[in-house]
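User: I would like to learn how to read a fold from its coordinates, feature by feature. Could you take me through one example?

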Amino acid sequence: MADGDETRTHRIAVIPGDGIGREVTPAALEVLSAAGAAHGFALETTEHPWGCDYFVEHDRMMPPDALDVLRDTDAIFLGAVGRPDVPDHISLWGLLIPIRRAFRQYVNLRPVRLWPGIPSPLRDVTPEQVDMVIVRENNEGEYSEIGGRLHHGTEDELAVQEAIFTRKGTDQVIEYACDLAATRSGRICSATKSNGIIHTMPFWDERFAHATSRHPELQPEQVLIDALCAAVVLNPGRFDVIVASNLFGDILSDLAAAVAGSIGIAPSGNLNPEREHPSMFEPVHGSAPDIAGQGIANPIGAIWSGAQMLEHLGETEAAAAVLAKLEDMLANDGPRTRDLGGNATTADVTQALVGSFATT
Ligand SMILES: NC(=O)c1ccc[n+]([C@@H]2O[C@H](COP(=O)([O-])OP(=O)(O)OC[C@H]3O[C@@H](n4cnc5c(N)ncnc54)[C@H](O)[C@@H]3O)[C@@H](O)[C@H]2O)c1
């Protein structure tokens with residue numbers, strides 16, 4: 001960022017990826033540029049055509065020097081990766097996971113809220129009752145490369161998958177969640193499964209107890225992940241900050257996004273809190289091949305992720321303005337896409353928001 005200039009500039013690497021990633025990413029960037037014009041900054045974007053199409057041509061999801069190219073940016077803005085004819089473990093392990101790990105983006109921050117005017121599939125819940133943040137561990141846990149398969153294709157075939165929980169990795173994500181909870185209601189819930197998973201989860205519980213013992217201002221609780229899924233549906237208002245391992249956080253955040261109306265609105269930030277490396281912002285949803293190319297994808301998840309990115313870049317007023325305009329549009333019967341019960345296109349939603357900045 002160039003400080004002191006009339007217009008501050010942030011250098012953003014953009015990876016639209018596949019499917020609806022290519023539709024929601026430009027849509028979100030239009031809204032973020034409008035916010036920049038209104039708030040005195042510009043995003044200098046460099047687009048990278050990496051993803052499954054790139055894989056089909058080059059046999060890899062991104063070029064060998066991709067991480068070096070990304071390293072020298074202020075943030076990374078990603079759409080989604082995944083194509084039906086490319087196995088998901090290739091698209092995930094060839095692009096997303098290397099970026100998250102190389103840049104120590106160990107916090108996956110997934111806010112969930114029910115926006116005014118958006119119907120929840122749950123009866124009688126109000127926006128006040130659905131306002132939580134899921135802090136998902138993003139670098140280790142159940143998503144590990146350690147393991148293997150033996151005796152392929154025989155009756156003795158077996159697969160082993162190791163889950164990795166380091167003290168450093170566990171402590172740093174729980175500590176981040178504690179600090180976040182202290183800025184909110186003070187309620188923090190740990191997702192566990194220490195009744196069934198007898199090594200890693202009791203260790204996770206111990207580290208949660210250790211961290212929260214140093215935060216007397218917090219009201220900690222731990223809940224088994226299966227019961228927690230039920231409780232988020234039955235009583236979402238009970239939860240504020242939820243900290244979870246990589247797998248539990250991944251599953252829980254899709255469930256919570258559904259409670260809030262649609263996966264199409266859910267945002268996420270892959271954060272390197274120390275800011276030694278760029279952080280990456282992306283909607284929670286995938287490439288949605290079932291609706292890709294039709295121009296009907298909901299861009300709100302990408303736009304909200306963009307607001308998270310602005311916040312991270314220090315553009316807090318602009319980030320708040322994007323969310324305020326989003327809230328205003330949804331609460332006042334503005335355009336909504338099919339996943340939210342409307343018939344608006346991606347462009348309709350985008351133009352409504354861009355237009356609202358023009359009238360600021
Ligand atoms: N971070 C990522 O890039 C990421 C995340 C999840 C899945 N994926 C990949 O995406 C591909 C499809 O996965 P999936 O179908 O399980 O999940 P998905 O999120 O792509 O789609 C699930 C359902 O939600 C709908 N949906 C998702 N986003 C929407 C939006 N913005 N607007 C309207 N409707 C939306 C889809 O139409 C679909 O019916 C797979 O290849 C998967 O591996 C990638």
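User: How many bridges join β1 to β2, and do the strands run parallel or antiparallel?

Analyst: In this predicted model, β1 and β2 run parallel and are joined by seven bridges. Strand β1, which spans residues 8–17, is mostly covered, with seven of its ten residues buried.

User: What should I keep in mind about side chains when I look along a strand?

Analyst: As a general idea, the side chains of a regular strand alternate between the two faces of the sheet.

User: Which strand is joined to β11, and in what direction do the two run?

Analyst: Strand β11 (residues 267–271) is joined by four bridges to strand β12 (residues 279–283), and these two run antiparallel. Within that pairing, Asn270 stands opposite Met280 in β12.

User: How is a pair of aromatic rings described?

Analyst: Two values describe such a pair, namely the distance of the centres and the angle of the planes. The structure holds two aromatic pairs. Trp115 and Trp304 form an edge-to-face pair, at 5.1 Å centre to centre and with 80° between the planes. Because Trp115 lies in the loop between β4 (107–113) and β5 while Trp304 lies in helix α9 (residues 300–312), the pair ties together parts that are 189 residues apart in sequence. Trp115 and Trp304 are both buried.

User: Where in the chain do Phe165 and Trp204 lie?

Analyst: Phe165 is in the loop between β7 (158–161) and α5 (167–183), and Trp204 is in helix α6 (residues 200–213), so that their pair links distant parts of the chain, 39 residues apart. Their rings are edge-to-face, with 6.2 Å centre to centre and 90° between the planes, and both Phe165 and Trp204 are buried.

User: Is Thr345 buried or partly exposed?

Analyst: Thr345 has a relative accessible area of 28%, so it counts as partly exposed, the cut-off for a buried residue being under 20%. Thr345 is placed in the loop between α10 (316–331) and α11 (346–358), and, leaving out residues up to four places away in sequence, it touches Gly295 and Thr337.

User: What is the radius of gyration of the protein chain, and how does it stand against the globule rule?

Analyst: The chain contains eleven helices and twelve strands. Its radius of gyration is 20 Å, close to the 21 Å that the globule rule gives for 360 residues, and therefore it is as compact as a globular protein of that length. Buried residues account for 52% of the 360 residues. Of the contacts between residues at least 6 apart in sequence, 75% join residues at least 24 apart. The exposed surface comes to about 15800 Å², of which carbon and sulfur atoms supply 52%.

Conventions: Residues are numbered from 1 along each chain as its sequence is written. This is a predicted model: local features need pLDDT of at least 70, side-chain atom pairs count only at pLDDT 80 or more; totals for chains, interfaces and linings use all residues. Side-chain values use heavy atoms; hydrogens and water are left out. Two strands pair if DSSP finds at least two bridges between them. The radius of gyration is taken over C-alpha atoms; the globule rule is 2.2 Å times the number of residues to the power 0.38. Buried means under 20% relative accessible area, exposed over 50%, partly exposed in between (1.4 Å probe, protein chains only). Contact means heavy atoms within 4.5 Å. Accessible areas come from the Shrake-Rupley method with a 1.4 Å probe; for residues, only the protein chains shown count as cover. Rings of Phe, Tyr and Trp (its six-membered ring) pair if their centres lie within 6.5 Å; planes under 30 degrees apart count as stacked, over 60 as edge-to-face and the rest as tilted.
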